[in-house]
Amino acid sequence: MSDAGEDRGEGRAESADPTESRGPGPAGDGPPSPPGLPVVGHTHRYARDPFAFVDWATDRAGDCLLARVLGEGDLCVLAHPDHVERALVTDRDAFAKGEVFTVAFGQNLLSVEGDQWERQHDAVREFFYPGKVRGYAEEMAALTERRVDRWADGDRVSLHDELRALALENLFATLFDRRLDLDGDEEIRRAASDLNLWFKPTSWALPEWVPTPARRRFARARETLDAEARRLLAEREAAVAADDESVGEDLLSTLVALRERGDAELSDAEIADQVAGFIFAGHDTTALAMTYALHLLGTHPEARERFHAELDDVLGTGPDADRPSFDDLRDLDVTERVFLETLRLYPPVHTIPRVTARDVSVDGYRVPEGTTTHLSVVSIHRDERFYDDPGAFRPSRWRDADPQSKGYAFVPFGAGPRDCIGRRFAALEARLALATIGRRYRLEPLADLELDPQMTTQPADGVPARVAER
């Protein structure tokens, strides 16, 4: 049986040599631009549907192109694995993070660079070592059960809302030692959701000081999460100062203890800003992967049957079925393939933004210093030069391949020294959640999937589905 399903996007024409990018240009000239409108350039098309725009633009201008977007100016789009390797690995000093993340999220690991990034990375990395991440598995599975225990046969649920809530609960419980109330903590939940609004496309064409409704909601979200972070930080500082034995091993307690021992030079602002940074980078992205995986399984019966059969075989069936554990994951090969294929087709971070730190030459084109540059992850993931039938959901394509074999043609977590520090955390959480939900329920989508890409691959609605007990 094949896992092949309906086509969910058209790949571009196959190149004779998949290792080469298209269309090297004459030395010294800027990248080509697809046709645009006077004054506004490509703003309307880009803001309306970034995915469709990049497909349309690369078809006409190649892997390295210039889009003209109000508020951004000349936006360089790069759409080849070689570009990813260069910008994130071999020539990363020429492609800086830019100020957008610092303005939005302060001094956290996501936004800082240089020595400050080194200090923060050294302080937090132990929380994402394989052995440490393994210890989160039991709590993650228990929190998933706690949430889905509320579901009943025939219920209509929003997959995105439910899984976003679950991912936030997992993040707070494991990293911040704070169990969110299943029916409460609404202010924190709303604030976590609104962090994405800083990057809403309808605000891109306006200066940063213009108070759009999206930006006002974002500002309130930052204030809410900053207040919660400061509260948690004050608790940890008081406990550490009193040598309280109840001090846990959560992220904030460890950072405070490291600072008090002189092992880390971290300010209160840096420690508190980690909360907003990890919430933005680490909860909705994982929720999106889980949401799209369950939706895709719901629309591809053959893949779903294979998924459920594996869960029954490994975990058992009926009321005596086991709760998935870390050790079970090694036997859940289909679940792993479903997760990887979802990341390929709907990467939660669909573009990686950078700003050129100096003039650079890309494919023979000159990209000036200060140019906003987007590495189009989704374009690479859906390119026929690197994947057969790239628009189809086919978990079986990962039976004889793995992420490493795809190199820089598979980068859902970025690449290089600054790849996603929480990639193991996210993979563990997503696979455990899929297994926990799948052993009990079948989710039946109630609408076609529509996207509203922002900085992350947001759905246009809540992704409604009907719950069916297995």
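This is a predicted model: local features need pLDDT of at least 70, side-chain atom pairs count only at pLDDT 80 or more; totals for chains, interfaces and linings use all residues.
Two strands pair if DSSP finds at least two bridges between them.

Strands β1 and β2 run antiparallel and are joined by 6 bridges. Within this pair, R68 stands opposite D74 in β2. The hairpin that β1 and β2 make has 3 residues between the strands, and there G71 takes a positive phi near 90°.

On we go to the next neighbour. Strand β2 (residues 73-78) is also linked to β8 (residues 372-376), this time by 4 bridges, and these two strands run parallel. Here C76 has T373 in β8 standing opposite.

Step back, and the whole arrangement comes into view: 5 strands make an open sheet with mixed pairing, in the order β1-β2-β8-β5-β3. At its edges are β1 (64-69) and β3 (95-96), each of which pairs on one side only.

Is β1 mostly covered or mostly uncovered? It is mostly covered, since 5 of the 6 residues of β1 are buried.

Helix α2 (residues 50-61) lies across β1, β2 and β8, and runs at about 130° to β1. Helix α3 (residues 81-90) lies across β1, β2, β3, β5 and β8, running at about 130° to β8.

## The nonpolar cores

Now for the interior. In soluble globular proteins, nonpolar side chains tend to be buried together. The largest nonpolar core in this model has 119 residues, and the members that touch the most others are L175, F176, I279 and L443. Leaving aside residues up to four places away in sequence, L443 touches W151, V157, L159, L294, G298, I437, A465, R466 and V467. There is also a second, separate core of 11 residues, with Y46, F53, V54 and A61 among them.

## Aromatic rings

The structure holds 10 aromatic pairs. Two of them are set side by side here.

| Pair | Distance between ring centres | Angle between planes | Kind |
|---|---|---|---|
| Y136 and F425 | 5.5 Å | 65° | edge-to-face |
| Y292 and Y346 | 5.1 Å | 40° | tilted |

Why is the pair of Y136 and F425 called edge-to-face? The planes of their rings stand at 65°, and planes over 60 degrees apart count as edge-to-face. This pair links distant parts of the chain: Y136 is in the loop between α6 (130-134) and α7 (137-148), while F425 is in helix α18 (residues 423-438), 289 residues apart. Both Y136 and F425 are buried. They also belong to one aromatic cluster, formed by F128, Y136, F278 and F425.

Y292 is buried, because its relative accessible area is 0% and buried means under 20%. Y346 has a relative accessible area of 4%, so Y346 is buried as well.

## Charges over rings

Which charged residue sits over the ring of Y346? The charged end of R382 does, 5.2 Å from the centre of that ring. A further example involves R344, which lies over the face of Y387 at 5.2 Å from the ring centre.

Key. Residues are numbered from 1 along each chain as its sequence is written. Side-chain values use heavy atoms; hydrogens and water are left out. A nonpolar core is a set of buried Ala, Val, Leu, Ile, Met, Phe, Trp, Tyr and Cys residues joined through side-chain atoms within 4.5 Å. Buried means under 20% relative accessible area, exposed over 50%, partly exposed in between (1.4 Å probe, protein chains only). Contact means heavy atoms within 4.5 Å. Rings of Phe, Tyr and Trp (its six-membered ring) pair if their centres lie within 6.5 Å; planes under 30 degrees apart count as stacked, over 60 as edge-to-face and the rest as tilted. A charge sits over a ring if NZ of Lys or CZ of Arg is within 6 Å of the ring centre and within 35 degrees of the ring normal. Axes are lines fitted to C-alpha atoms, for helices over the stretch in contact, and angles run from 0 to 180 degrees between N-to-C directions.
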